[in-house]
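Trainee: I am new to this structure and would like to learn how to read it. Could you walk me through it, please?

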Amino acid sequence: MLTPAEADALIGQHLQCLPIESLPLAQCAGGVLRENIYAERDQPPFDRVDMDGIALDSRAVAAGCRSFRVQATQAAGEAPLTLAAPGACIDIMTGAVLPVGCDSVAPLEEITTPGVEAALGPAVRVEPGQYVRRRGSDTRQGALLVSAGTRLRAPEVAIAAAAGMARVRLSSQPMLAVISTGNELIEPGEPVLAHQVRRSNAYAIVSALREHGFQRVADDHLHDDAEELRERLRFHLETHDVLVLSGGVSMGKFDLVPRVLEELGVRAIFHKVAQRPGKPLWFGMAPSGAAVFGLPGNPVSTLVCLSRYVLPALYASLGQSPQPPERLALGAPVTINTPLTHFIPVRIEQDDWGRPWAQPAPTNGSGDFTALAGTDGFVELPPGPNTYRKGFVTRLFRWS
Ligand code: AMP
Ligand code: MG
């Protein structure tokens with residue numbers, strides 16, 4: 001059986017990168033950048049005043065001048081004025097260009113008689129360059145500001161806007177099909193009999209995908225019927241980039257999903273990973289290039305496999321640069337009795353010094369999804385038998 005790392009590698013080898021699309025900047029938050037962003041101009045683009053006050057020539061102050069004739073007012077966005085004489089000053093606003101002939105700004109708070117004549121307070125010093133941010137002191141024109149493969153959040157969107165980009169080249173969003181299987185499953189809102197089960201996985205998967213910014217998500221439910229599976233899966237394979245199935249991949253008589261997928265030409269890349277929960281995980285590739293994840297139906301297994309394999313695979317197919325794994329220390333010892341990698345749900349809690357710990361919140365088996373309420377994700381623990389002590393640092397996967 002494969003280890004989780006071997007499963008990661010196989011998924012990575014087969015995934016295809018999604019095509020590029022150009023989107024208006026206002027629609028690109030959360031997208032993965034597929035071009036570099038370079039500085040359009042020096043930043044700041046001019047010698048920028050960083051304080052409301054008066055702009056003056058510090059040499060006049062050095063020569064003993066304490067009171068200055070206010071020659072004019074210059075707001076942000078106005079072309080720079082020129083200082084008329086060393087004893088003059090210009091009433092200046094934050095964000096304005098430093099006027100020609102000035103080299104410094106005295107803030108309003110330090111001026112005793114603002115008006116026609118501006119006098120510096122008795123102890124006020126004026127150094128050359130004070131409250132002036134020189135052109136190009138942050139970055140130079142042409143500098144690489146954000147690299148392709150970066151996920152755009154608010155700071156990167158601001159940088160793209162400042163670089164003058166009205167549109168940005170991003171990975172197009174994948175078309176995702178979330179497909180639950182099982183005759184026992186009943187939609188929330190419908191009457192449910194004692195021997196039936198609510199169809200919760202599909203809702204969990206769709207909401208996880210939405211939380212992670214995937215919006216093009218279709219949802220379907222199929223019975224454990226070879227004919228129905230064949231017909232609907234053929235359609236979904238033709239119309240989607242990625243299929244996320246839940247249920248029907250174990251060893252039971254009605255676990256028909258792998259067989260039907262293979263009949264439809266989907267090549268099985270692996271079936272089963274040495275892990276708990278989620279051992280029956282199935283992954284394959286369709287001739288169309290669509291990736292197919294067959295997640296085991298037990299609700300904890302489904303969510304763990306989604307976060308552990310499917311979401312990272314989706315980010316990789318968006319072209320996102322690999323992220324360093326997030327790691328955290330166990331807040332209590334955990335004993336593993338089997339030779340399988342274990343995924344243990346955790347709550348992230350801070351101690352009195354503000355340090356975060358992964359507090360294990362074990363479930364009562366892989367069907368016990370009610371125990372997941374309030375957890376933040378899960379940690380990955382290497383195979384046992386072993387006891388991992390408090391403080392053992394290991395990989396953390398967050399639900400969102
Ligand atoms: P399966 O992987 O189809 O053998 O299902 C394993 C267990 O998960 C069974 O107890 C199913 O009833 C349950 N299950 C499967 N799919 C879902 C679902 N969509 N929502 C809730 N439980 C499910
Ligand atoms: Mg089933």
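Trainee: Which domains does the domain assignment give for the protein chain?

Mentor: Keep in mind that this is a predicted model. The assignment gives domain 1 (4-18 + 173-317), domain 2 (30-43 + 140-171), domain 3 (48-133) and domain 4 (326-398). Taken over C-alpha atoms, the centres of domain 2 and domain 4 are 37 Å apart.

Trainee: Now the ligand. Which residues are closest to ligand 1?

Mentor: Ligand 1 is surrounded by 16 residues, and the closest are E184, S200, N201, G248 and G297. By class, this shell holds three nonpolar, nine polar and four charged residues. As for location, ligand 1 sits in the second largest pocket.

Trainee: What do polar backbone atoms do around ligand 1, and at what distances?

Mentor: A polar backbone atom of G297 lies 2.8 Å from an oxygen atom of ligand 1. For N298, the distance from a polar backbone atom to a ligand oxygen is 3.2 Å. A nitrogen atom of ligand 1 is 3.1 Å from a polar backbone atom of N201.

Trainee: How much of ligand 1 does the protein bury?

Mentor: The size of an interface is often given as the accessible area lost when the parts come together. Here, ligand 1 taken alone exposes 480 Å², and the protein buries 79% of that.

Trainee: And how many cavities of 30 Å³ or more does a search of the whole structure find?

Mentor: Rolling a probe the size of a water molecule over the atoms shows where empty space is left. The search finds one such cavity, and the largest cavity holds about 30 Å³ of space. Its lining consists of G30, R151, Q173, H212, G213, F214, Y315 and L318, which divide into three nonpolar, four polar and one charged.

Terms used:
Residues are numbered from 1 along each chain as its sequence is written. Chains are lettered from A and ligands numbered from 1 in the order in which they are written. This is a predicted model: local features need pLDDT of at least 70, side-chain atom pairs count only at pLDDT 80 or more; totals for chains, interfaces and linings use all residues. Side-chain values use heavy atoms; hydrogens and water are left out. A residue is near a molecule or strand if one of its heavy atoms lies within 4 Å of it. A polar contact is a pair of N or O atoms within 3.5 Å; within protein, one must be able to donate a hydrogen and the other to accept it, and residues adjacent in sequence count only if both atoms are side-chain atoms. Accessible areas come from the Shrake-Rupley method with a 1.4 Å probe; for residues, only the protein chains shown count as cover. On a 1 Å grid over the protein atoms alone, a cavity is a set of points where a 1.4 Å probe fits but cannot get out, and a pocket is an open set with protein on both sides within 12 Å along at least five of seven lines; lining residues have an atom within 4 Å of a point. A molecule sits in a cavity or pocket if more than half of its atoms lie within 2 Å of its grid points. Ala, Val, Leu, Ile, Met, Phe, Trp, Tyr, Cys and Pro count as nonpolar, Asp, Glu, Lys and Arg as charged, and the others, Gly among them, as polar. Domain bounds come from an automatic or database domain assignment. Grid points are joined across faces, edges and corners, and a volume is the space filled by probe spheres set on the points.
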